[in-house]
Amino acid sequence: MKSNKNAFIAVVIAVVFIVIIGIGFIIKNQSGGRTTDTMLRHIKVTEKTPVKASVSLDDSSLYDELPEITKYPLSVTGRGDIVIEVMTSPEKAGKDYESWLIDVAEKFNKEGNAIGNGRKVAVSVRSVTSGLAADYIISNKHTPELFTPSNYLWGEYINANGGNVTVLNDRLVGNTAGLLISKGSDYKTYDEIIKAVQEGKINIGYTNPQTSSTGMNLLISILKDGSEDITADAAVDNFKLFQQNIPFVAYNTMQMRDSAQKGTLDGMILEYQTYINEKNVNKLYDFIPFGIRHDNPLYIVNQDERDADTIEACKLFNEYCMNSNSQSIATKYGFNANDDYKSDREIIGAEVNQALSIYKANKDNGQDIIAVFVADCSGSMSGDPINQLKESLSNGAQYINENNMIGLVSYSTNVSIEVPIAKFDLNQRAFFQGGINGLTASGSTASYDAVVVAMDMIRKAKETNPDAKAMIFLLSDGYANEGYGMKDITPALKESEIPVYTISYTSDADTDAMRSLSEINEAATINADSDDIVYKIKSLFNSQM
């Protein structure tokens, strides 16, 4: 009897032991079963001795790196005696519900419209984000006859920075910027939402005000909530209080829209015309208009330099855009709504410049940044991609604030720590440039191994600076074929909460993999070929670093 009892106890213990092991095995598999430390044991890492190189201290401009305008091809090509180019914000010249100006221009061209002396007028349309278009016009690198941004802030900005645009029409199609808040939220108004963010009760995201009309609108609105004088301490403090609780600033509206569809944030900003057309978005969020209206003004560029026929042609197309048929198309695509919403604020160009300076100086709210740049030096990056990678890192370095903590990693088959993390003073910048100069392309592509190494570097750096904001910049063509895969590192990356900004360096890059990696912790992904990657990276550094 006793032996049977002992045998029973032994069986129970064995079963319990097996169950515990089984549960542990399941948990291990569900979590990926790998920590940064365990993965590092299987990664070959070389720590190089940093070498200094000379650095340029010249203050160059983003205008210097503007890509050729052919990077942004015409959506409509006009052919006539007089051809007018309209440079427009993307929501009016894309696909489906974003194709209003394309539809109108094509109809205009087919009808063979002419000015008073019989010369036929045709219209070309080019889609460029409002902030980038403003840079082209200010720099005179490309000056279309007509420019229509999302709101009038960019016209003010151009004229305040040496460009020349004249209002032809203060409203082509009506639109509004809005705060999106999760349906069922306790916060129902703009003021309630902003206060809730400042008190750390909800998380919202917004778009980079240096490139996005909606982001610029929100920035100035928050500053003016503090004081009508946006340079006053009360205005800056109001923005700082808001910014300290912002987990996510999207690189562009497309990234913000993708985040909205996932429903991962309590709120964000978006234009109404996009909101009403994106069913996954308007099912998840309510729309609350804010700031100045986005009525898509139309400007003549360099009017003093245009001949009388060109001016008459511009006016002819403006009249065509305002006819009942063109406006009915706009309404069908979601424009011309919320006409009862008005703003009592007027903003001038000097305030736009001031707001951008305040953003750059205070976007991190005094919080230190720890960042590691991870450079793909595999064989597939040979030639133009590796040269563009090196050029963009070198040129972009001037936009990294010297109080940031910066490191550099390279990888091919194995991983090399080119420059350990340190404060980005002149000494560290010289080491950073030396590391860049030594990059060469060969071997396989261990992208995720390199991300693990960067995560470990940041983890160690945060031991002495736990409140620092961490980020990784992965510069690659995306085709990993060595070492760990994305599924292997995802659990550890999620736990780290480190955003990975990904930048693709070839037109045929594995953009899906790059985007998926960035989405793990809500970061931007840039897919650009060698023609404009330098400009885009400098813009990204300027906004994030």
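## Terms and model

Buried means under 20% relative accessible area, exposed means over 50%, and partly exposed lies in between (1.4 Å probe, protein chains only). This is a predicted model, in which local features need pLDDT of at least 70 and side-chain atom pairs count only at pLDDT 80 or more, while totals for chains, interfaces and linings use all residues. Residues are numbered from 1 along each chain as its sequence is written, and side-chain values use heavy atoms, with hydrogens and water left out.

## Salt bridges

Let's turn to the charged pairs. With a salt bridge taken as a side-chain nitrogen of Lys or Arg within 4 Å of a carboxyl oxygen of Asp or Glu, the count comes to 20.

One of them joins glutamate 91 and lysine 92, at 3.8 Å from N to O. Both partners are buried: glutamate 91 has 7% relative accessibility, and lysine 92 has 0%.

## Around arginine 345

Arginine 345 forms a salt bridge with aspartate 225, their closest N and O atoms being 3.2 Å apart. Arginine 345 sits in the loop between α13 (324–332) and α14 (349–362) and aspartate 225 in helix α7 (residues 213–226), so the pair ties together parts 120 residues apart in sequence. Helices here are DSSP runs (H or I, at least four residues), numbered from the N terminus. Arginine 345 is partly exposed at 23%, as is aspartate 225 at 34%.

Arginine 345 also forms a salt bridge with glutamate 228, at 3.7 Å between the closest N and O atoms. Glutamate 228 lies in the loop between α7 and α8 (233–243), 117 residues from arginine 345, and is partly exposed at 48% relative accessibility. A network of salt bridges links Lys224, Asp225, Glu228, Arg345 and Glu351.

Conventions: Helices (H or I, at least four residues) and strands (E, at least two) are DSSP runs, numbered from the N terminus.
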